[in-house]
Each structure stands twice: as C-alpha cells, then as structure tokens.
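Let's take a walk through a protein together.

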Amino acid sequence: MLRKEEILEKTSNGLNIFKHYITCQWRVGRNFFNPLYEDKKASCNIYFDRKNGVYKLKDFGNDEYSGDCFYFVGKLKGLNCNNTNDFVEILKTINRDLSLGLSEDTEMPIQSISKPSIPIIPEKKSRPYDFQEQKFTRNELEYWEKYGISLELLNQYKVCSVREFKSENSEGKPYSIASSSGEPIFGYKSKRYIKLYRPSSKIRFLYGGDIGDNYCFGLEQLPAKGDTVFITSGEKDVLSLAAKGFHAICFNSETVNIPATIIHKLSFRFKHIILLYDMDKTGLDSSVKHEKQLTEYSVKRLMLPLSGTKEEKDISDYFRLGNNRESFLKLFLDFLDTLYSDTMTMLKSCEIDFNNPPAKAQEIISAGDVPLGTQGNILCITGGEGTGKSNYVAALVAGSIRPATVQIDTLGINVHENTKHKAVLLYDTEQSEVQLFKNVSNLLKRAKQPEKPEELKAFCLTGMSRKERLQVIVQSMDKFHYQYGGIRLVVIDGIADLVHSANDEAESLRVVDELYRLAGIYQTCIICVLHYVPNGLKLRGHLGSELQRKAAAILSIELDNDPTISVVKALKVREGSPLDVPLMQFTWNKEAGMHLYLGEKPREEKEKRKEKELVSVAREVFEQQTFITYIDLCEQIQQIMDVKERTAKSYIRFMREKEIIIKDPSNQSYFIKGHI
C-alpha cells in the first residue's frame with residue numbers, strides 16, 4: 001500500500017509536489033498568491049519545516065489555508081486530509097500525477113486486536129525471465145546504422161539482438177515471443193533485468209526482472225567529468241547522440257519522475273544538463289514539467305527543429321534526416337546565445353577589433369624612456385614615514401597644472417603638460433586641513449602658478465568614515481569628468497585609509513578593482529600612496545599585493561645613507577626592468593623653500609642596487625632548496641620580482657656574472673647558491 005513517507009522520499013520531502021501543482025512562478029521563502037482561493041495579496045510561501053523535515057505552505061493572510069503537501073493536494077481535489085479514505089485517495093492522486101511508480105495495492109493484512117495496526121508493504125515481485133541472444137542480422141544492423149549507431153557502440157552500451165524471450169504476464173501466466181525479420185527484438189541488458197525494444201511491434205517495450213525505480217540508461221558510460229549531458233526520451237536517442245560524440249542518458253520514459261539524487265550528482269560532473277525530449281505533445285509537456293521541477297540544478301531544455309509527427313520528433317530522427325554533428329552543435333550554440341544573450345551583448349563591446357585598434361594609451365608620467373603612469377592605469381608610490389612621499393606626489397601634481405611651456409622641477413620625473421586643463425584631483429586621507437593647505441600652497445609655488453587654477457581640486461577626507469571616502473571619490477570623479485572635459489590625474493594620498501584593514505583580502509580586492517575600473521572609464525592615471533615600508537621587492541598586506549598586481553608601476557622612496565636625501569627607485573614597471581630605471585635623488589632646499597632634484601645616482605650605485613636586490617632574491621629562493629634548474633629559477637624570479645621572462649633571463653646572466661649563483665660542480669644542470 002502507499003505510505004506518505006515513501007511519497008515524501010520520492011518528492012524531495014514534498015517540494016516536488018508543490019512544484020507540480022502550483023503553476024505560477026514562485027520560489028521557496030518568497031511570497032506569492034495562494035492558488036487555493038481568490039488571494040488579493042501575495043502573503044503565502046513555501047518553507048522547510050526543520051522540526052518535521054518536510055516542506056509546507058504558510059499563508060500569513062489566512063492560516064486556514066496553511067499545511068503540508070498532502071493537505072494542499074486535498075484542498076485542490078476537494079478531499080479531507082483527516083478522513084482515512086480521502087487521505088488514501090490523496091496519496092494515489094499524487095502517485096499518479098507525478099508518475100512516482102509506487103505500488104497502489106491497498107489490501108490490508110489481518111491484524112491482531114490486541115496489537116496496534118501496522119501496515120505491511122507487500123514486496124515488489126520481480127518477473128522471472130529467460131532470453132537467448134543471437135548475432136545482429138544484416139537488416140538489424142542497417143536499422144541502427146540509419147541513426148549512425150555502429151555495432152561497436154551497441155556492444156559498448158550492452159545492447160543485444162534477442163532470438164527468443166520468455167517471462168510471465170501480470171497474472172503470472174507464462175508467455176514467450178520470438179524475433180523475426182519483420183519484428184526484430186533488441187535488449188538493453190543489465191545484471192538484474194532486461195528491457196526489450198521492439199521497434200516494429202504494437203507493444204514496443206517489455207521487461208524482465210526487476211527494473212527498479214531509478215532506471216537510467218547510459219549512466220554507466222558517462223565520463224567522470226564533461227561539459228554537457230543530455231537527458232533524452234529513450235535509449236535509441238542516447239545511442240544516436242553517443243554516435244556523434246555527445247554524452248546522454250535517459251530514464252524509463254519521458255513522463256516518469258526524474259530522481260533528484262541522480263541530477264544532483266550529475267550537476268557536479270557537468271556544466272550543462274539539458275532536456276532533449278520529443279517534439280510531440282507528451283515530450284513538450286514533460287520537458288516543461290521537469291525543467292520546472294529541477295530548477296535548483298539549472299536544468300534547461302533544448303527544442304529540436306522538428307514537426308513533432310511520428311516520423312520526425314526526436315534526436316534520432318534529427319540525425320536520420322541528414323543532420324550531422326556540426327548542425328547539432330550550431331543548434332546548441334544558438335541555444336547558448338539565447339541563454340547568455342545579455343552577457344554576450346555586453347561582452348561584444350569588450351571584444352578587441354583588430355580592424356580598428358584602440359588608441360595608444362597616452363603617457364602622463366615617465367622616467368627617461370620608461371612610462372610609469374599612463375591613461376587607464378594605476379601608479380603606486382610607497383615608502384616609510386618621513387621619506388618625502390607627500391612632497392614627491394605634490395611635485396607630480398605641480399607638473400600637471402604648470403602653465404604651458406613653463407619648465408619646473410618635478411624631482412626627476414617627466415610630467416606631460418595638461419594642455420586641455422582637464423581636472424587634477426588630490427584626495428588626502430591622513431593630513432589635517434591646515435597641513436594640506438600648506439602642501440597645496442607649496443605645490444602652487446613649484447608649479448609657478450600665482451593662484452590655484454580652476455582644474456585643481458584638493459580635498460581633506462580625514463573627517464569622513466572609510467566607507468564614505470571611497471564613495472565621495474567615485475561620485476566626485478564622475479562629476480569633475482564632465483565638468484572639465486576629462487580627468488588628467490588623480491592622487492589618493494593614503495589609500496590604506498579607504499579600507500578597515502590592509503590585510504582584509506576581500507575589501508582590498510574590492511577597492512583596488514574599483515580604482516582600476518575608474519582609471520579605465522575616465523582614461524586617467526590614479527596615483528595611490530601606500531604608507532608602508534616595502535619588504536624587499538614586495539608590498540605588505542593584501543592591499544599591497546593587489547596594488548602590486550594591478551599597478552602599471554610601483555615607485556619606492558627611501559632615505560639614503562645621508563638621511564637628508566631621499567632616493568626614488570622602481571620596484572615594478574610594466575615595460576622593461578625596474579632595476580634599469582635610474583635611481584633619482586631629491587632633498588629639502590631651505591632657500592627655495594621646497595624639495596629639489598639632485599640628479600641620478602652614479603652608475604656604480606645603480607649596479608650596487610641591482611646586485612643587492614638580486615642577492616636578496618637568491619637568498620629567498622635558496623631558503624627552500626639547495627639547488628634549482630634554470631627554468632625553475634627563471635619562473636621564481638618572475639614571480640618574486642613581477643617581471644617578464646626576458647627580464648628574468650637577463651637577471652640570471654647578471655647573477656652568474658657576479659657569482660650570486662654558480663653551476664653545481666656535481667651536476668651542471670643545476671644552480672646552487674654562490675658567494676652571498
């Protein structure tokens with residue numbers, strides 16, 4: 001007999017019952033109009049009752065219409081859930097409507113009066129069967145070849161030709177059938193059962209043994225991982241798709257309940273699970289129902305361009321009619337285009353058009369021949385306390401607002417003229433308003449501007465919360481972009497004050513990604529000042545790591561052996577080697593009332609710096625190992641120093657010349673630590 005526990009187990013604790021009978025659009029936990037009455041307000045929803053382990057309907061407007069799936073079906077069908085006979089009818093209705101395949105034998109065993117009544121579930125009888133196989137005849141192979149299915153594929157999927165089959169009918173009477181040229185018999189074999197397929201007979205399918213509730217043809221032949229698996233109407237469709245190189249399975253028929261457990265497991269193995277049912281009414285209705293029931297697994301349905309008649313309704317007919325793998329792939333691509341239409345439309349504008357190459361990014365800041373700050377990029381400036389970072393940045397701002405053709409001291413950096421007077425924005429998150437006013441006054445003096453030009457905007461953000469700071473930067477940049485016809489340069493002096501913690505990976509990623517996006521949108525260079533002492537060639541914290549990854553260049557300002565002199569060196573450049581960028585010096589000049597450029601350090605100093613940095617890299621490499629191959633060393637240098645392969649190879653040559661690394665005497669394929 002039917003039991004509600006069995007039905008709940010078959011329907012995901014009742015969820016699939018609600019999905020079957022409630023045809024409007026709804027989701028678990030979201031309010032919708034109750035279909036049981038003229039609901040004027042969407043105030044009922046489906047929720048999971050953890051105490052009882054079932055899904056229930058709750059109506060907040062009228063609690064009389066709240067209950068589990070059995071109550072709901074009873075209300076729909078005019079049956080009383082509290083009446084024993086009505087409840088049995090509710091169970092039968094659900095079993096039939098959802099094609100659960102449960103036994104509806106309602107005979108009750110005789111119970112002892114002294115003991116409580118416990119229903120006994122009769123065992124499902126397995127029909128005895130016997131069959132004789134034979135070799136496929138020429139006519140039988142030609143039948144399968146119409147669909148592109150080979151003998152090898154038939155053997156792979158355990159399909160056989162049956163000469164004779166013997167079993168019992170539902171009344172227990174024995175019967176036998178024999179194959180003939182006009183009515184061939186094919187068998188889909190398993191250890192516990194056989195399913196017969198008779199394509200030319202009135203009764204097309206017969207069964208022997210226990211086929212079970214979760215029959216699934218083709219499951220055994222699926223790969224461990226794949227891109228797409230199709231759920232088809234029948235076994236012949238599975239074989240037709242497999243013949244064309246596609247993965248497919250089928251259940252016992254289109255109308256049976258698809259086991260959610262199988263789909264759940266397949267969702268981890270395949271990117272797409274696609275319903276590919278017949279194009280007749282039964283197939284269309286079933287695919288709509290199953291797509292709705294399996295929404296949580298993103299199961300979709302693909303429609304075949306067939307009329308739905310008996311001669312052309314399924315994927316086997318599609319291939320039989322002359323379509324090939326390429327035409328089906330095109331059909332699937334059209335399906336993906338529809339599925340991803342919004343994404344592909346957006347992505348189209350991002351595609352590189354080689355017939356119309358983008359304009360070269362204009363240089364805004366450079367050192368010698370090396371570009372440091374270009375349109376659409378981030379330039380990071382870092383260093384310890386008291387090294388002169390803010391004054392150095394002020395010199396870059398001054399270079400962006402200087403009068404046309406006027407030469408000024410920009411501390412060794414080339415700052416290209418802002419001839420169109422685009423906005424130059426300075427956001428300070430650390431210094432007081434008084435100190436910022438003093439710094440801006442000094443940079444105006446450096447720029448040889450008698451008064452502040454209109455395009456220069458300086459803001460003290462110390463009084464704002466960290467969340468508000470990023471918001472005002474984003475919104476004000478948008479406003480000034482339109483007001484001044486573009487943004488030439490943006491300086492954020494103290495980027496760490498835009499996040500709660502420089503070691504918060506998610507927040508650091510969000511802020512740096514947003515700034516990088518803004519640089520691209522407004523075609524400007526954003527200078528980020530990071531108040532951290534650099535650790536070798538890497539910046540500290542997740543914020544530093546993100547800047548190291550996204551910035552086009554990183555400049556470090558450090559105090560020289562003479563503490564009155566600051567030295568600027570490149571930690572990263574996008575083009576070329578950072579160790580080839582000149583070491584620039586500047587110092588405070590009392591008479592001028594500002595920092596002045598002292599020129600580059602001698603070549604010997606540059607070589608010493610290069611040697612010192614590469615010794616540091618070698619020590620880091622050999623901390624974990626005693627020897628290393630050339631290829632591995634090249635990869636590690638690229639990773640540690642964030643340089644390209646060509647630059648890493650030049651560093652290896654330098655390291656060998658200075659004997660920072662030497663060949664292993666016992667094996668010339670390896671390098672070992674040299675004189676460091």
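Helices (H or I, at least four residues) and strands (E, at least two) are DSSP runs, numbered from the N terminus. This is a predicted model, where local features need pLDDT of at least 70 and side-chain atom pairs count only at pLDDT 80 or more, while totals for chains, interfaces and linings use all residues. Residues are numbered from 1 along each chain as its sequence is written, and side-chain values use heavy atoms, leaving out hydrogens and water.

A cavity is a set of points, on a 1 Å grid over the protein atoms alone, where a 1.4 Å probe fits but cannot get out; its lining residues have an atom within 4 Å of a point.

Which residues line the largest cavity? They are Asn391, Ala394, Asn439, Asn442, Leu443, Arg446, Trp588, Met594 and His595. Two or more residues each come from α13 (389–401), α14 (433–446) and β25 (594–600), and α14 gives the most, with four.

Now turn to helix α3 (residues 69–77) and helix α4 (residues 84–97), which pack at an angle of about 95° with their axes 10 Å apart. Axes are lines fitted to C-alpha atoms, for helices over the stretch in contact, and angles run from 0 to 180 degrees between N-to-C directions.

Notes. 1 Å grid on protein atoms, 1.4 Å probe; cavity = no way out; pocket = protein on both sides within 12 Å on 5 of 7 lines; lining within 4 Å.
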